[in-house]
Amino acid sequence: MKFRTLLMAASMLSVASVARADDIKEVQMLHWWTSGGEAAALNVLKQDLAKQGFTWKDVPVAGGGGGAAMTTLKALVAAGNPPTASQILGYYAMDYADAGKLGDITSLATKEGWDKAVPTALQKFTTHDGKWGAVPVNIHSVNWIWLNKAVMDKIGGTEPKSFDEFVALLGKAKAAGVIPLALGGQPWQEATMFDSIVASTGGIDFYKKAFVDLDETALKSDTMKKSFDNLAKLRDYLDPNYAGRDWNLATAMVIKGDALVQVMGDWAKGEFKAAKKEAGKDFLCYRFPGTDGVVLYNTDMFAMFDVAADRKAAQLALADATMSLSFQSAFNVVKGSVPARMDVPDTDFDLCGKKGIADVKKANASGNFVGSMAQNYAQPPAIATAYSDVVTKFLHGEIKTSDSAVAELVKSINAAK
Ligand code: BGC
């Protein structure tokens, strides 16, 4: 038997052991994966489940970063009508677990040894009091830049190794008449970019002090001010229409060669893949300048809600399929992320994916695997939202100086605590 067949047989066995005659063979999934690359990745899962005889009830809520999806989810859960599972990030899952809204899939987790395969840092979010209530689908990271190779060649650009070199590269693009930086001016995208700027400006220990420990001295330090100054420098390289633009449209600008670069999590790579672009040939991926060796992660998880008894078998099948080695490879190749299991071979990944996998392993071993503040992996949603509000207000000129930005940051974070 082939490896994949063996894996499928094993997973069907475990599901069969809990299946009952009147089980509902449907998986309801709430998610915000509506772009081309995201939808292609989700299809991998739909097809895996279809093979096992489960139908798919799609509950898409468009809106990058998942803000709108989280509002819908909250309403469904409050009405006592949660989906089988929902895409979810970091502290959102912990809140549902604390409120007793998640199911318990620990027996499957124990049987399959997930605790040995998934980085310990992530298990803080997938478990509650030692019980598994969510499964990690992938590991994304936000500190990447994505560049159009032809534009890079045209302007004679090379990989920028520091923030200043990055600004110099943007300047070259501007001089050549290309939009230097493709940004979607939505709070979550701007904050996602600022995560990288902070890690680059202050280093990872500073990032941890500020965002993981919420150390007030770090939050109002000169280094944080400098981070805002650096953000302000990037303003000069945006096109006039950036406000409100969706992230995937910004990626499309780079894909088409209308812009040189986008600073975005590696879901951007899913768009390049969907457009049949090849890493190293059509596009380039580098860590955000000054953050090599660091992984600012955000993992998509499926939160497994405490659904009715006749929906639990389908839920287990979903969890099982999601955690299989073959799925973790196939899905993440398309999504742009890397597997959430450390035992998945990198064979099928392109050079950005191979780098991503190696980076996660290295960062995980060296303490440089740290949650993204913008993506709800460093702090609970109220604090993450306070953070992105300040970043947005600063970038759009409502907060005028870096001094006021740090003062606002401290004030808003304290109010959100
Ligand atoms: C999610 C990604 C998604 C991106 C854009 C992020 O918060 O983790 O899976 O592709 O938002 O929608």
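Which residue follows H11 with a positive phi? The points below cover this, along with the ligand site.

1. **The model.** This structure is a predicted model. Please read each point with that in mind.

2. **After H11.** Leu 214 is the residue in question. Its phi is positive, near 50°.

3. **The buried residues of H11.** Helix H11 runs over residues 204–212. Its buried residues are Ile 204, Phe 206, Tyr 207, Ala 210 and Phe 211. Why do they sit on the same side of H11? They do so because they cover an arc of only 150° around the axis.

4. **What H11 packs against.** The buried residues of H11 pack against several elements. The helices are H10 (187–202), H12 (216–219), H13 (222–234) and H19 (381–395). The strands are E12 (295–298) and E14 (369–371).

5. **The shell around the ligand.**

6. Start with Glu 38: an N or O atom in its side chain is 2.4 Å from an oxygen atom of the ligand. For Asn 298, a side-chain N or O atom is 2.9 Å from a ligand oxygen. For Trp 32, a polar side-chain atom lies 3.2 Å from an oxygen atom of the ligand.

7. **Burial of the ligand.** How much of the ligand's exposed area does the protein bury? Taken alone, the ligand exposes 310 Å². The protein buries 100% of that.

Definitions and conventions
Residues are numbered from 1 along each chain as its sequence is written. This is a predicted model: local features need pLDDT of at least 70, side-chain atom pairs count only at pLDDT 80 or more; totals for chains, interfaces and linings use all residues. Side-chain values use heavy atoms; hydrogens and water are left out. A polar contact is a pair of N or O atoms within 3.5 Å; within protein, one must be able to donate a hydrogen and the other to accept it, and residues adjacent in sequence count only if both atoms are side-chain atoms. Accessible areas come from the Shrake-Rupley method with a 1.4 Å probe; for residues, only the protein chains shown count as cover. Buried means under 20% relative accessible area, exposed over 50%, partly exposed in between (1.4 Å probe, protein chains only). Helices (H or I, at least four residues) and strands (E, at least two) are DSSP runs, numbered from the N terminus. The arc is that of the directions from the helix axis to the C-beta atoms. Contact means heavy atoms within 4.5 Å.
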